[in-house]
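Please read the paragraphs below with the sequence and the model side by side, so that each residue can be found as it is named.

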Amino acid sequence: MSELTLPAPTAHRKAVRLEATNHEGSLLGKNVSPAKFEAGKESGFAFADILFAIDLSNEIVLGDAFPDWRGNLYDIQMVPDLATLVEWRPGLDAVIGDYWLQDGTPVPICPRNLVKRLVARLADLGYDVTVAVEIEATLFEESVQEARARDYQDLTPLGGSTGATYHLARSSDWVAYMEAVVDRLDRVGIAWEAWTDEAAPGQTELNLAPTDPVRLGDGWARARQVMREVAHDQGHTVSFMAKPTAGFGQGAHINISLQRDGVNEFYAEDGPSEPMRHAVGGLLATMEGNTSIALPQITSYRRLVDLTGPPTTVSWGVNNKTAAVRALTGHPRYSRLEYRLPGADVNPYLALAGVLAGVLAGVERRIEPPEQVTEMAWCLPESCGLRRIPDTMSKAGAALDADPLLRAYLGDEFVDFWVASRRWEWMEFHTKGGDPFAELSAWESRRYFEFP
């Protein structure tokens, strides 16, 4: 599906919703009156910086490593990007923005700011970036109120209890939900390409169309909000949790390519081009550290099971879906890399920032990748020469903390802040009721089922 033209904001608006994510990936914001929006749309709107110092239970994170967080509800400014202003529904417009410090500099841990900075750095090298995403989610018959009453346990998959892929025999309630979702996406200007059922009962995959990274991050964050709102409207619920049940997990595969003067730099007639090889090299060199960003929550790591879909080794291969990075080659338009690591629970902007950082490191430093995997990349021990993807939050956090490339491209402030936030998440799980030996603990469902 081609790019859509954003609908013009409405003259009869009753309110404008300001939207942005914090590090946890939830879409945050506030509604302001039309008069307030007109008065502040250029200078920005005050938000307490504590939004970067709270977890998904709204608890203050002690030991937060962001040095500009002062603990006194210091205001930062959310400056709207007017190119994202749309009519969300009759009477309500919506606009996405970035966070800025009072001295006029970007908040260095603002996820959208990170993406913009890395896109600009690639542009300085002469590259334009195109990205797309495959969003997976699981739908349930019960309303969110019923799900809460059941503590998110024993819910009924929408569309039947049989897992499948590409089946058109789904019941009309499942089809009606997805048709309503893409209708809403069309109306708010989010270009999509396809949707289908996925491997687990009730699971769906929604593919957003290729575009630039900032616009994709915006569309990704809003698409998840659309999916939630449609579920609520229809009396159902949807979860982007990495494993909302003890069954299959769900991910968010990112496809990326680089162009120079309109030509796909990842294409070469005889296989991966030199820029593609270097991009793969950078993505693999940063993969262990980037795991902390791509798999942000405790449950994210329960998804890393051999033979079930997600990658488990630091690997790449041409058209190899068992590897962490899949290279698609041989076509001047469609040659691209598919980064298969992120979970469905990832912050869209941080997922893109991590991938952009790896690609940038590879092409700037001309990092050559190891030999590609031509057979199955699952179930391989490290003695075969492949490193295993970190399978716990602690291992991934330590890898990010020690990664000089990600520190160079994402910044020490962000890396220190993120690692501190994941240590806090680990501590909350282990001290407040999480069960590391369960297939899926009740603590995780209560914390992650609805958010991000």
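**Aromatic pairs, core and open spaces**

The count of aromatic pairs comes to 10 in this structure, which is a predicted model. One of the pairs is formed by Phe-52 and Tyr-99, whose rings are edge-to-face, with 5.4 Å from centre to centre and 80 degrees between the planes. Phe-52 belongs to the loop between β3 (45-48) and β4 (75-80), whereas Tyr-99 belongs to strand β6 (residues 92-100), so the pair ties together parts that are 47 residues apart in sequence. Both Phe-52 and Tyr-99 are buried. A pair with a tilted arrangement is that of Phe-140 and Phe-449, with 5.7 Å from centre to centre and 40 degrees between the planes. Here Phe-140 comes from strand β7 and Phe-449 from the segment after α12 (442-448), so this pair ties together parts that are 309 residues apart in sequence. Phe-140 and Phe-449 are also buried. Returning to Phe-52 and Tyr-99, these two residues form one aromatic cluster together with Phe-47 and Phe-417.

In soluble globular proteins, nonpolar side chains tend to be buried together. The largest nonpolar core in this model has 122 residues, and those with the most contacts inside it are Tyr-99, Tyr-177, Leu-208, Trp-220 and Leu-337. The element that gives the most to this core is helix α8 (residues 348-365), with 12 residues. What surrounds Leu-337, once its neighbours within four places in sequence are left aside? Leu-337 is in contact with Ile-254, Asn-255 and Ile-256, with Phe-266 and Met-276, with Ala-279, Val-280 and Leu-283, and with Val-325, Arg-326 and Ala-327.

Two aspartates deserve a separate look. Asp-55 lies in the loop between β3 and β4, which is the loop that also holds Phe-52. Is Asp-55 buried or exposed? With a relative accessibility of 4%, Asp-55 counts as buried, because the cut-off for that class is under 20%. Not counting residues up to four places away in sequence, Asp-55 touches Glu-24, Val-61, Trp-424, Glu-425, Glu-428 and Arg-447. The C-alpha atoms of Asp-55 and Arg-446 are 13 Å apart in space, although 391 residues separate the two in sequence.

Asp-403, for its part, lies in the loop between α9 (393-401) and α10 (404-410), and is buried as well, with a relative accessible area of 6%. Apart from neighbours within four places in sequence, Asp-403 is in contact with Ala-285, Thr-286 and Gly-289. From Asp-403 to Val-226, which is 177 residues away along the chain, the C-alpha atoms are separated by 36 Å.

The open spaces can now be set beside this picture. The largest pocket holds about 1,100 Å³ of space. It is lined by 45 residues, of which Glu-134, Asn-207, Asn-255, Arg-336 and Glu-338 are the closest to its centre. Strands β7 (128-140), β8 (192-197), β9 (203-211), β11 (252-260) and β15 (336-339) are the elements that give two or more residues to this lining. By class, the lining of the largest pocket divides into 14 nonpolar, 18 polar and 13 charged residues. Asn-255, one of the residues closest to the centre of this pocket, is also among the contacts of Leu-337.

The second largest pocket has a volume of about 440 Å³. Its lining consists of 22 residues, and Ser-26, Leu-27, Leu-28, Glu-450 and Phe-451 lie nearest its centre. At least two lining residues are supplied by each of β2 (27-32), α3 (144-149), α5 (213-233) and β10 (237-239), and the largest share, 4 residues, comes from α5. The lining of this second pocket divides into 11 nonpolar, 6 polar and 5 charged residues.

How many cavities of 30 Å³ or more are found in the whole structure? A search finds 2 of them, and the largest cavity has a volume of about 50 Å³. The residues lining the largest cavity are Gly-25, Ser-26, Leu-27, Ala-221, Arg-224, Gln-225, Arg-228 and Pro-452. Helix α5 gives the most to this lining, with 4 residues, and by class the lining has 3 nonpolar, 3 polar and 2 charged residues.

Technical notes:
Residues are numbered from 1 along each chain as its sequence is written. This is a predicted model: local features need pLDDT of at least 70, side-chain atom pairs count only at pLDDT 80 or more; totals for chains, interfaces and linings use all residues. Side-chain values use heavy atoms; hydrogens and water are left out. On a 1 Å grid over the protein atoms alone, a cavity is a set of points where a 1.4 Å probe fits but cannot get out, and a pocket is an open set with protein on both sides within 12 Å along at least five of seven lines; lining residues have an atom within 4 Å of a point. Grid points are joined across faces, edges and corners, and a volume is the space filled by probe spheres set on the points. Ala, Val, Leu, Ile, Met, Phe, Trp, Tyr, Cys and Pro count as nonpolar, Asp, Glu, Lys and Arg as charged, and the others, Gly among them, as polar. A nonpolar core is a set of buried Ala, Val, Leu, Ile, Met, Phe, Trp, Tyr and Cys residues joined through side-chain atoms within 4.5 Å. Buried means under 20% relative accessible area, exposed over 50%, partly exposed in between (1.4 Å probe, protein chains only). Contact means heavy atoms within 4.5 Å. Rings of Phe, Tyr and Trp (its six-membered ring) pair if their centres lie within 6.5 Å; planes under 30 degrees apart count as stacked, over 60 as edge-to-face and the rest as tilted.
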